[in-house]
Amino acid sequence: HVPWITRLMVDAAHQGRRIGREALAAVLQKLLSRPNVHEVRTTVHMRNAAGEYLFHSLGFERTGEIEGREIVMRLAM
């Protein structure tokens, strides 16, 4: 079983305050503490450079897959 983070959104009025980073780190900690979870996947819209940077900064890498207009990324442990 590979868990997916389907959406992680922070209201525009609250962006730039590390809320997204802290929320994502908490979600990852919870997911990766589950037995038999060795990777987590997500998608980021092609035009969301800040979102891709956030996921990349926490260890996610592009898989090379595209779903619609979304880039598939994975964090492997």
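Five salt bridges are counted in this predicted model. Several of them involve Arg-74, Glu-39 and Arg-41, and these residues belong to one network together with Glu-65. The chain around them holds two helices and four strands, and its elements run β-α-β-α-β-β from the N terminus on.

**The salt bridges and their network**

- Which residue does Arg-74 meet in a salt bridge? The partner is Glu-39, with N and O 3.0 Å apart.
- This pair ties together distant parts of the chain, since Arg-74 sits in strand S4 while Glu-39 sits in strand S2 (residues 39–45), 35 residues apart.
- Glu-39 also forms a salt bridge with Arg-41, and here the N to O distance is 2.7 Å.
- Is Glu-39 buried or exposed? Glu-39 counts as buried because its relative accessibility is 15%, under the 20% cut-off.
- Arg-41 counts as buried too, because its relative accessibility is 17%.
- Arg-74, by contrast, has a relative accessible area of 31%, so this residue is partly exposed.
- Another salt bridge joins Glu-52 and Arg-62, whose closest N and O atoms are 2.6 Å apart.
- Arg-62 counts as exposed, because its relative accessibility is 52%.

**A closer look at Arg-74**

- Leaving out residues up to four places away in sequence, Arg-74 touches Glu-39, Val-40, Arg-41, Gly-59, Phe-60, Glu-61 and Thr-63.
- Arg-74 and Arg-62 are 12 residues apart along the chain, and their C-alpha atoms are separated by 6.5 Å.

**The nonpolar core**

- How many residues make up the largest nonpolar core? There are 13, and those with the most contacts inside the core are Ile-5, Leu-24, Leu-28, Val-40, Phe-55, Phe-60 and Met-73.
- Helix H1 (19–32), S2, H2 and S4 are the elements that each give two or more residues to this core.

- Which residues of H2 are buried? They are Gly-51, Glu-52, Leu-54 and Phe-55.
- These four lie on the same side of H2, because they cover an arc of only 160° around the axis.
- Ala-49, Ala-50 and Tyr-53 are exposed, and they are carried by the face of H2 turned away from its buried side.
- Among the elements that cover the buried residues of H2 are strand S1 (4–5), H1, S2, S3 and S4.
- Gly-59 follows H2 and has a positive phi, near 105°.

**The chain as a whole**

- The radius of gyration is 12 Å, which agrees with a compact globule, because 77 residues packed that way would have a value near 11 Å.
- Along its principal axes, the C-alpha trace spans about 35 × 25 × 20 Å.
- Of the 77 residues, 30% are buried.
- Among contacts with a separation of 6 or more, 56% come from residues 24 or more positions apart.

- Most residues other than glycine have a negative phi.
- Arg-18 has a phi near 70°, a positive value in a residue other than glycine.
- Arg-18 lies in the loop between S1 and H1, and with a relative accessible area of 53% this residue is exposed.
- Asn-36 is not a glycine either, yet its phi is positive, at about 65°.
- Where does Asn-36 lie? Asn-36 is in the loop between H1 and S2, and its relative accessible area of 64% makes this residue exposed.

Definitions and conventions
Residues are numbered from 1 along each chain as its sequence is written. This is a predicted model: local features need pLDDT of at least 70, side-chain atom pairs count only at pLDDT 80 or more; totals for chains, interfaces and linings use all residues. Side-chain values use heavy atoms; hydrogens and water are left out. Contact means heavy atoms within 4.5 Å. A salt bridge is a side-chain nitrogen of Lys or Arg within 4 Å of a carboxyl oxygen of Asp or Glu. Buried means under 20% relative accessible area, exposed over 50%, partly exposed in between (1.4 Å probe, protein chains only). A nonpolar core is a set of buried Ala, Val, Leu, Ile, Met, Phe, Trp, Tyr and Cys residues joined through side-chain atoms within 4.5 Å. The arc is that of the directions from the helix axis to the C-beta atoms. The radius of gyration is taken over C-alpha atoms; the globule rule is 2.2 Å times the number of residues to the power 0.38.
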